[in-house]
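I set down here what I looked up in this structure, entry by entry. The sequence and the coordinates come next.

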Amino acid sequence: MKRPYHIVFVIPLIVFAGCQPGWIGPAADRAAVERGRLVWDAEECSACHGDHGEGTAIGPSLADLAEHWRDDSLADFLKAPQKQLDDNPRLKELTSAYDVDMPGVREAGDDQIEDLVVFLLNGIE
């Protein structure tokens, strides 16, 4: 009897491909991305970061956030950015080119900030 070796190779490949940065998982995650987009709009993030996070003259690009942030650390930053800006040399250098301070999330609660994080790490385009 032949063993189905294609399963041994194909299944891990599918799983690995699905775990790449930018991959949006189940419907619940897609819903979180959509809710995060609403928070992005309500907080007027695009005024500084551009409609698609491309950056503007007054705020940096948000491309490649997943390379530097985990969910929890990004959520903490969004709540109180000045603390991390003071403590993080990379952020301090990045933001030194802009005259406007990062205001942090003003109106959103913790659940909405979690959705915003999902949007920023997976759905902003």
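I looked up F77 and found it buried, at a relative accessible area of 9%; buried stands for under 20% relative accessible area, exposed for over 50%, and partly exposed for what lies in between, with a 1.4 Å probe and protein chains only. The model is a predicted one, in which local features need pLDDT of at least 70 and side-chain atom pairs count only at pLDDT 80 or more, while totals for chains, interfaces and linings use all residues. Residues are numbered from 1 along each chain as its sequence is written, and side-chain values use heavy atoms, with hydrogens and water left out.

I then searched for aromatic pairs, taking rings of Phe, Tyr and Trp (the six-membered ring of Trp) whose centres lie within 6.5 Å; planes under 30 degrees apart are stacked, over 60 edge-to-face, and the rest tilted. The count came to two pairs. W69 and F77 form a tilted pair, with 5.1 Å from centre to centre and 40° between the planes. W69 is buried as well, with a relative accessible area of 11%.

**Nonpolar core.** I defined a core as a set of buried Ala, Val, Leu, Ile, Met, Phe, Trp, Tyr and Cys residues joined through side-chain atoms within 4.5 Å. The largest one has 22 residues, and W40, L74, L78, L116 and L120 have the most contacts inside it. At least two residues of this core come from each of α2, α4 and α7 (110–123); helices are DSSP runs of H or I with at least four residues, strands are runs of E with at least two, and both are numbered from the N terminus. Helix α7 gives the largest share, six residues.

I also listed the contacts of L116, counting heavy atoms within 4.5 Å. With neighbours within four places in sequence set aside, L116 touches G36, V39, W40, L78 and V105.

**H49.** Which residues does H49 contact beyond its neighbours within four places in sequence? I found W40, E54, G55, T56, G59, P60, L62 and M102. H49 lies in helix α3 and is buried, at 10% relative accessible area. A polar atom of its side chain lies 2.8 Å from the backbone oxygen of P60. The C-alpha atoms of H49 and L62 are 7.1 Å apart, although 13 residues separate the two along the chain.

**Cysteines.** I searched the whole structure for disulfides (two cysteine sulfur atoms within 2.5 Å) and found zero. C45 counts as buried, at 18% relative accessibility.

**Positive phi.** I noted E44, a residue other than glycine, with phi near 60°. E44 sits in the loop between α2 (27–42) and α3 (46–49) and is exposed, with a relative accessible area of 53%. D64, also not a glycine, has a positive phi of about 65° and lies in the loop between α3 and α4 (71–79).

**Confidence.** I last consulted pLDDT, the predictor's confidence in each residue, from 0 to 100. The chain has a mean of 82, and 78% of its residues reach 70 or more. Confidence is lowest in helix α1 (residues 5–18), at a mean of 43, and highest in α3, at 95. Over residues 5–23 the pLDDT is below 50, and this stretch has five contacts in the model beyond near neighbours in sequence.

How values were computed:
Polar contact = N/O pair within 3.5 Å; in protein donor to acceptor, adjacent residues only side chain to side chain.
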